[in-house]
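Here is a short briefing on one protein chain. Keep the structure open while you read.

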Amino acid sequence: MRFTLNGTFRRIDAHPLKRLLDVLREDCALTGTKEGCGEGECGACTVLVDGAPVNSCLVPIAQINGARVTTIEGLRGRHPLQHAFVEHGGAQCGICTPGMILAAVALGKKPTLDQMKVGLAGNLCRCTGYSAIYRSIDAVTSTARRNRGDRKDREARSGSRTKKPRTRAGVTR
Ligand code: FES
Ligand code: FES
């Protein structure tokens, strides 16, 4: 079986009906993908296949041939959502967190609360009560918005400095 895993081409010699979840954890040693129910109910095993969230416990590896798979390791600990989940309490015991974050990545840049609720409906969390998860996702959007605003402010300020150079005493020349 051949597929691209977190940006790297992989060739795996496994039974075609072996679950993608098991291939990731056993053959690829990527244990960030968790098993909860093992029957498509909890979303703990969510990974992205060609950018869409799927329950890897339900997918035989044969269906992945030629596809692009992203696991939580593929975000390399640097995705803003990963930081936001830590800062805003979106992760507690952590079992649902890799799947939750990947499902959130698939929501795109500015999901509304309704879009979050629909997009994460297949991901169950026993710890957070969901508010902290929605807050974490929203924090990324708000930070991006704030950064854009700050950049515009800085550009506006540097524009006005160019036009009106000041002395140290603050007197316009
Ligand atoms: S472990 Fe796959 S949906 Fe629960
Ligand atoms: S953080 Fe524990 S199940 Fe979600």
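In which loop is Asp50 found? Asp50 sits in the loop between strand 3 (46-49) and strand 4 (52-55). The model is predicted. The chain has five helices and five strands. From the N terminus on, these elements run β-β-α-β-β-β-α-α-α-α. Of the 173 residues, 31% count as buried.

**Backbone with positive phi**

- Asp50 is not a glycine, yet its phi is positive, at about 50°.
- Asp50 is exposed, because 12 other C-beta atoms lie within 10 Å and the exposed class takes in 12 or fewer.
- Tyr130 is another residue other than glycine with a positive phi, near 75°.
- Tyr130 lies in the loop between helix 4 (113-119) and helix 5 (131-163).
- Tyr130 has 16 C-beta neighbours inside 10 Å, so Tyr130 counts as partly exposed.

- Five strands form an open sheet in the order 2-1-5-3-4, with mixed pairing.
- Strand 2 (8-11) and strand 4 are the edge strands, and each pairs on one side only.
- From one strand to the next, the twist averages 40°.
- Strands of a sheet pair through backbone hydrogen bonds, either parallel or antiparallel.
- Strand 3 and strand 4 run antiparallel, joined by four bridges.
- In this pair, Leu48 stands opposite Pro53 of strand 4.
- Helix 3 (residues 97-105) packs on the sheet, where helix 3 touches strand 3, strand 4 and strand 5 (68-70).
- The direction of helix 3 makes about 35° with that of strand 3.

**Leu102 and its contacts**

- Which residues does Leu102 contact, leaving aside its neighbours within four places in sequence?
- They are Thr46, Val47, Leu48, Pro53, Thr70 and Ile72.
- Two of these, Leu48 and Pro53, are the residues that stand opposite each other.
- Across the chain, residues 24 or more positions apart account for 60% of the contacts with a separation of 6 or more.

**The nonpolar core**

- The largest nonpolar core holds 34 residues.
- Leu20, Ile64, Met100, Ile101, Leu102 and Ala104 touch the most other members.
- Strand 1 (2-5), helix 1, strand 3, helix 2 (80-87), helix 3 and helix 5 each supply at least two residues of this core.
- Helix 3 gives the most to the core, with six residues.
- In helix 1 (residues 20-27), the buried residues are Leu20, Leu21, Val23 and Leu24.

**Helix 2 against helix 3**

- Two packed helices are described by the angle between their axes and the distance between the axes.
- Helix 2 and helix 3 pack at an angle of about 130°, and their axes are 10 Å apart.
- The crossing of helix 2 and helix 3 is right-handed.
- On the helix 2 side, Leu81, Gln82 and Phe85 make the contact.
- On the helix 3 side, Thr97, Ile101, Ala104 and Val105 make the contact.
- Ile101 and Ala104 are also among the core residues that touch the most other members.

Notes. Residues are numbered from 1 along each chain as its sequence is written. Chains are lettered from A and ligands numbered from 1 in the order in which they are written. This is a predicted model: local features need pLDDT of at least 70, side-chain atom pairs count only at pLDDT 80 or more; totals for chains, interfaces and linings use all residues. A residue is buried if 20 or more other C-beta atoms lie within 10 Å of its own, exposed if 12 or fewer, and partly exposed in between; C-beta atoms are placed from the backbone. Two strands pair if DSSP finds at least two bridges between them. Axes are lines fitted to C-alpha atoms, for helices over the stretch in contact, and angles run from 0 to 180 degrees between N-to-C directions. Two residues are in contact if their C-beta atoms, placed from the backbone, lie within 7 Å. A nonpolar core is a set of buried Ala, Val, Leu, Ile, Met, Phe, Trp, Tyr and Cys residues joined through C-beta atoms within 7 Å. A crossing is left-handed if the near helix is turned anticlockwise from the far one by less than a right angle, and right-handed if clockwise.
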